[in-house]
Amino acid sequence: MTIQIIKAGKPAQFKADINAQVRATVEGILADIEKRGDEAVRDCSVKFDKWSPESFRLSQAQIDACIAKLSPQTLEDIQFAQAQIRNFAQIQRDSMKDVEVETLPGVVLGHRNIPMNSVGCYIPGGKYPLIASAHMSVLTAKVAGVKRIIACAPPFDGAPCPEIVAAMHLAGADEIYCLGGVQAVAAMAIGTQSIKGVDMIVGPGNAYVAEAKRQLFGRVGIDLFAGPTETMVICDDTVDAELVAVDLLGQAEHGPTSPAYCLTTSKTIAEQLPAAIDKVLARLDTAPIASVSWRDYGEIILCDTDEEMLAESERLCSEHVQVMTRDPDWFLQRMSNYGGLFLGARTNVSYGDKVIGTNHTLPTQGAGRYTGGLWVGKFIKTHTYQRVLTDEASVMVGEYCSRLCGYEHMSGHKEQADIRVRRLKKA
């Protein structure tokens, strides 16, 4: 059994090695917004986005005007995508059950699934107006039952992006702001004179936005520490090199540091893929970005067996893993390290990113080893409770508790148990 690296890429960039200048810039912006609030937010918006409206929050009239700019087909497409995402999110929500059980006579334990009170959703819109990110964050939070959902997106071509605004509104955002970058994340997390802070921040963004979320984590919750988009195609000779090239470059266009891996048992695909990549790049408007990503971070790994491809995929732990083999379910049953799985040649990552119903905010940089992606459960806190119903039960648990506290030399804890044993124990 041998694994051959036909094309190697640079090691993926990890946020732990984030540029010191990015870190310092973000620290300064956060400190300034905490100190000066709205004034600092406006200064940042002017500096970075050349954007200074009378109010960053859109009025209902402004929202309606954005929606009016869209064609019926565009609105129908947005609503179709949201229907799929809402449906799957509701199925996920329905799978989460409150529980209550009498574990011992007179001892009742339980948990409740409680939605967060407030969430801030960041929707990128500088390089690409990422309409789908509004569905994935705002709509999922809405299905979870979050009481207050605010959404921010930067201006696009000097104005609120009509498609993003429509998607945020139709998804159920309670407040919509045309505000981008670190200043948007900071305003939502810290709060200003005009923007009430939230409990959690979600949504993708550039290196500065990701660093802002990292620095704010703990003060507020976040969805994930996000790095560059990653994609992997696992394939055999049931597909051809052109299809593999399209699916790799479809994600490489996200940015010039996006890893793209091809794991294959087909020598033909391994040999033909470089030429196929060049052929597909020739028809992509995003070739200037995708070509750099593939050149620097693309890999072709030729394996002898499915077992070898499985081992490599587990090692690399890619955000997106597309399986196009004779038996994709073989990988479904065995894989444990990935963000999202896309099974069979009829599907692809783009379907998941935009419309099919699963969430596209997924773990990167190996985080799939310990977490899944954004889903309705991320917006819900599972809180436990306990109740002791009888004197006898309290005495029984108390006697055990007293001895266990004594072993740990925690006299205060021990006395909590002892006072109940003394008062409730029958003579």
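Predicted model: local features only at pLDDT ≥ 70, side-chain atom pairs only at ≥ 80, totals over all residues.
Residues are numbered from 1 along each chain as its sequence is written, and side-chain values use heavy atoms, with hydrogens and water left out.

Let's start with helix α5, residues 131-144. Helices here are DSSP runs of H or I with at least four residues, strands are runs of E with at least two, and both are numbered from the N terminus. The 14 residues of α5 reach 20 Å from first C-alpha to last, close to the 20 Å expected at 1.5 Å a residue; that expected span is 1.5 Å times one less than the number of residues. Twelve of the 14 residues are buried, so α5 is largely enclosed by the rest of the structure. Buried means under 20% relative accessible area, exposed means over 50%, and partly exposed is in between (1.4 Å probe, protein chains only). Among the buried residues are H135, M136 and V138. Just after the helix, G145 takes a positive phi of about 100°.

Next, the charged pairs. Side chains of opposite charge can pair when their charged atoms come close. A salt bridge here is a side-chain nitrogen of Lys or Arg within 4 Å of a carboxyl oxygen of Asp or Glu, and a search of the whole structure finds 18 of them. One of these joins R36 to D32, with the closest N and O atoms 2.8 Å apart. These two sit four residues apart in helix α1 (residues 20-36), so about one helical turn separates them. R36 is partly exposed at 25% relative accessible area, and D32 is partly exposed too, at 24%. The pair also belongs to a salt-bridge network that links D32, R36, E39 and D43.

What about a pair that spans the sequence? E100 and R387 meet in a salt bridge at 3.9 Å, N to O. E100 lies in strand β2 (residues 99-104) and R387 in strand β14 (residues 380-388), so the pair ties together parts that are 287 residues apart in sequence. R387 is partly exposed, at 40% relative accessibility. In another salt bridge, R422 meets E415 at 2.5 Å, N to O; R422 counts as exposed at 52%, while E415 is partly exposed at 33%.

Now for the greasy side of things. L104, M396, V397, Y400, L404 and Y407 form a nonpolar surface patch with about 600 Å² of accessible area together. Helix α15 (residues 391-407) gives the most to it, with five residues. Patch members have over 30% relative accessible area and no salt bridge; nonpolar side chains (Val, Leu, Ile, Met, Phe, Trp, Tyr) are joined within 5 Å, like charges within 9 Å. The areas come from the Shrake-Rupley method with a 1.4 Å probe, and for residues only the protein chains shown count as cover. V397 lies in α15 and is partly exposed at 34%.

Finally, the "active site" annotation in an unreviewed UniProt entry covers E319 and H320. UniProt positions are given in the numbering used here, with shortened feature names, and annotations may be inferred rather than shown by experiment. E319 is found in the loop between α12 (306-316) and β12 (320-324), and H320 in strand β12. E319 is buried at 5% relative accessible area, and H320 is buried at 2%. Leaving out residues up to four places away in sequence, E319 touches residues including Y338 and H360, while H320 touches residues including Q251 and D353; contact means heavy atoms within 4.5 Å.
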